[in-house]
Amino acid sequence: MRLAHDLALAYLPTFRNKFSRHDFTLAQLFAYLVLRGHMKLTYRRLVALLKDSDRCQRLGMIRVPSTATLCRAFHSLIEPRNLHDALDVLITAGKHAGLTGKTLAIGSTMYDTHHFTRHYERRRKQRAGGDKKLIQQRKSETMKKMPKLAVGSDTHSHLVTGMITHTGGGYDAPDF
């Protein structure tokens, strides 16, 4: 939680708006959202945990944020622009601390949305007397719609250094 707070101080502004109430900084809210994600808590359980512990005082807060405040902070902080900046700061901090290695592992996976395999689907259509050209065309259309995730991670610390999502097949080289 402390590391998340320190990293958020490096890339987030102090407050979202100059007219806000200035009760909580964005870095404080970000640290609690990281704690929520790490412990797999709901907003209500996070607020209950913060009330029962001294974690608010550790980050200089005089009161516990409400569930609505945490929810609004989550939706305002989780933007692609903010996440990209946070990832850059995290990787730079990991390099300076000596946590990252020199090897990058690259991998990708596709998510099939059907409850049966594509091989089974193709064989079923062939046995039903389907046209091979039509079957190949359907396969291509199905492949173009399949979601794909490609991830790059440091092999020493398992830190995710980059990722990209898109649809369709293909090899991984253009993504990295």
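Two strands count as paired if DSSP finds at least two bridges between them. Strands (E, at least two residues) and helices (H or I, at least four) are DSSP runs, numbered from the N terminus. This is a predicted model: local features need pLDDT of at least 70, side-chain atom pairs count only at pLDDT 80 or more, and totals for chains, interfaces and linings use all residues. Residues are numbered from 1 along each chain as its sequence is written, and side-chain values use heavy atoms, with hydrogens and water left out.

**Stop 1: the sheet**

Select K148. It stands opposite H166 in β3. Now widen the selection to β2, residues 147-154. Seven bridges tie β2 to β3, and the two run antiparallel. Pick G152 next: its bridge partner in β3 is G162.

Follow the chain from β2 into β3. The two strands form a hairpin with five residues between them. Stop at H158 in the turn, where phi is positive, about 65°.

Click G107 and look across to V151, its bridge partner in β2.

Show the three strands together. The sheet is open, with the order β1-β2-β3 and antiparallel pairing. Its edge strands are β1 (104-110) and β3 (160-167), each pairing on one side only. Neighbouring strands are turned by 15° against each other on average, direction ignored.

**Stop 2: a helix pair**

Select α2 (residues 26-39) and α3 (residues 43-52). They pack at an angle of about 110°, with their axes 10 Å apart. Axes are lines fitted to C-alpha atoms, for helices over the stretch in contact; angles run from 0 to 180 degrees between N-to-C directions. The helices are therefore roughly perpendicular to each other (65 to 115 degrees; under 35 is roughly parallel, over 145 roughly antiparallel, the rest oblique).

Show side chains. On α2, the contact (heavy atoms within 4.5 Å) uses Y32, L33, L35, R36 and M39. On α3, Y43, L46, L49 and L50 take part. By class, that is eight nonpolar, no polar and one charged residues. Here Ala, Val, Leu, Ile, Met, Phe, Trp, Tyr, Cys and Pro count as nonpolar, Asp, Glu, Lys and Arg as charged, and the others, Gly among them, as polar.

**Stop 3: R63**

Go to the loop between α4 (55-58) and α5 (67-77), where R63 sits. R63 counts as partly exposed, at 39% relative accessibility (buried is under 20%, exposed over 50%, partly exposed in between; 1.4 Å probe, protein chains only).

Which residues does R63 touch, not counting those up to four places away in sequence? Select R21, D23, F24 and C56. R63 and F24 are 39 residues apart in sequence and 9.0 Å apart in space, C-alpha to C-alpha.
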